[in-house]
Amino acid sequence: MNALSIRNLRKTYNNGFEALKGINLDVEEGDFFALLGPNGAGKSTAIGIISSLINESSGSVSIFGHDLKTDRARAKSCLGLVPQEVNFNQFDTVKSIVFNQAGYYGTPRKLALQRTEQCLKQMDLWDKRDTVSRRLSGGMKRRVMIARAMVHAPKLLILDEPTAGVDIEIRRAMWKMMQDVNQQGTTIILTTHYLEEAESLCRNIAIIDQGLIVENTDMASLLARLHIDHFVLDLAEPIAKVPFIPGYQIERVADKVLNVAVPKEIGLNQFFSQLSAHNIKVISLKNKSNRLEQLFMDLIESKPAGAKQ
Amino acid sequence: MNYSIALRTLVRKEVFRFIRIWPQTLLPPAITTALYFLIFGKLIGDRIGTINGATYMDYIVPGIILMSVISHSYANVVSSFYSTKFQRNIEELLVAPALSGDY
């Protein structure tokens, strides 16, 4: 069964702006799905419609087979949402925020207390349960929102840029947490601007641009499309002139730094043997940019109106 | 899914909120009501005297208490909803199956 099924979804705002131009999307149960796109592409509108915060203009959304129009309560109870911005009451305590959310979803009091404790412990917030939420740090506030979204044990968890503005340590802890939640059987849809995050966590990916889905595939086949890898080389000795090595595009960035574009079919071996022949010693090598980032830019730039619906 | 649990949660949350911020919710109406009693009931009432055995204070007490209760019950709902919308935590309710239209 599909965790999420979107058919021909359109949204036109009152000012005439068409945020979604008829998107179709299926997310399988148990998937870790990335929804990417530049700012203003329609990601948040799509998530708003799925989570009943925005009314669609036309089209249908069903969550675990429950249509959002005809079977709204069941559809809503399958879904947990972690929004982009902090939206809990800043004057409430951490525990009451999570506990009340369980109540809104109809969880009986005893079970709600158990689930609240479980979620807060999982998010490493149990010590902070009686703290007023406005006194929490940014990372903790995000974790409160995740605990709140998970307290009713949703089958589908949507995280809208959960790691925006948090430090690298917390981000990695959140990745681990998301992977654990996914392994326990919860389907996750993640939107993010950190493409490294999407690349390492997600199995399938959809890219939205200007209200249309321009790509919808699995991560491995998307990455396989990248033909050229870019590397940065740190050299032991400064070089005056860029060496000519056929098949590779080399650019001198600084005295001791080279950028090189390596076609995948040729590989790196030949390049290094040629460098040795030129008597150039390489100290270290790193990827110039994230692989997915390259693909993302290619897709967004090459298909401004190309629709794969 | 139980609509009544959601309703109970909401009522409990609002009552706790009301009690927690009592200096804002209970104290001001108590002061204004006391001032009404002093100015209208005592100072003006003393000059009016009794009518058919009832003082002016006896006449205005139920009305002023009810006026305070009713106006502050509206004011509390409005301020609660305003802050809920302003902080956007109304979304907590909107995403949950807690609205009458959901069933």
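## Reading salt bridges, an interface and a strand

Guide: Let's start with one pair: a salt bridge joins the side chains of Arg10(A) and Glu18(A), with N and O 3.5 Å apart. Please keep in mind that this is a predicted model.

Visitor: Which residue meets Arg203(A) in a salt bridge?

Guide: Asp31(A) does, with an N to O distance of 3.9 Å. The cut-off for a salt bridge is 4 Å, so this pair qualifies.

Visitor: What is the N to O value for Asp255(A) and Arg252(A)?

Guide: The side chains of Asp255(A) and Arg252(A) meet in a salt bridge at 2.5 Å. Asp255(A) is partly exposed, with 45% relative accessible area, and Arg252(A) is partly exposed as well, with 34%. Over all chains, the rule gives 14 salt bridges.

Visitor: How many of the salt bridges lie across the interface of chain A and chain B?

Guide: The rule finds three there. A network of salt bridges links Glu85(A), Arg88(B) and Glu91(B).

Visitor: And how should I read the size of that interface?

Guide: As a general idea, interface size is often quoted as the accessible area lost when the parts come together. In this structure, the area buried between chain A and chain B is about 2,300 Å², and carbon and sulfur atoms give 53% of it. On chain A's part, Lys76(A), Asn87(A) and Tyr104(A) supply 30% of the area buried against chain B, more than any other three residues. In residue terms, the contact takes 29 from chain A and 24 from chain B.

Visitor: How many residue pairs are in polar contact between chain A and chain B?

Guide: Twelve, with both residues at pLDDT 80 or more. On chain A, helices H2 (72-77) and H3 (94-104) are the elements giving two or more residues to the side that touches chain B. H3(A) gives the largest share, six residues. By class, this side of chain A has eleven nonpolar, eleven polar and seven charged residues.

Visitor: Let's finish with a strand. Why is strand S13 of chain A largely enclosed by the rest of the structure?

Guide: Because six of the seven residues of S13(A), residues 257-263, are buried. Next, look at the pairing. Strand S11 (228-235) of chain A pairs with S13(A) in the antiparallel sense over seven bridges, with Ile228(A) partnered by Pro263(A). Strand S12 (249-254) of chain A also runs antiparallel to S13(A), joined by five bridges, and here Ala254(A) has Val257(A) as its bridge partner. S12(A) and S13(A) make a hairpin with two residues between them.

Technical notes:
Residues are numbered from 1 along each chain as its sequence is written. Chains are lettered from A and ligands numbered from 1 in the order in which they are written. This is a predicted model: local features need pLDDT of at least 70, side-chain atom pairs count only at pLDDT 80 or more; totals for chains, interfaces and linings use all residues. Side-chain values use heavy atoms; hydrogens and water are left out. Contact means heavy atoms within 4.5 Å. Buried area is the accessible area (1.4 Å probe) that two parts lose on being put together, summed over both. A polar contact is a pair of N or O atoms within 3.5 Å; within protein, one must be able to donate a hydrogen and the other to accept it, and residues adjacent in sequence count only if both atoms are side-chain atoms. Helices (H or I, at least four residues) and strands (E, at least two) are DSSP runs, numbered from the N terminus. Ala, Val, Leu, Ile, Met, Phe, Trp, Tyr, Cys and Pro count as nonpolar, Asp, Glu, Lys and Arg as charged, and the others, Gly among them, as polar. Buried means under 20% relative accessible area, exposed over 50%, partly exposed in between (1.4 Å probe, protein chains only). Two strands pair if DSSP finds at least two bridges between them.
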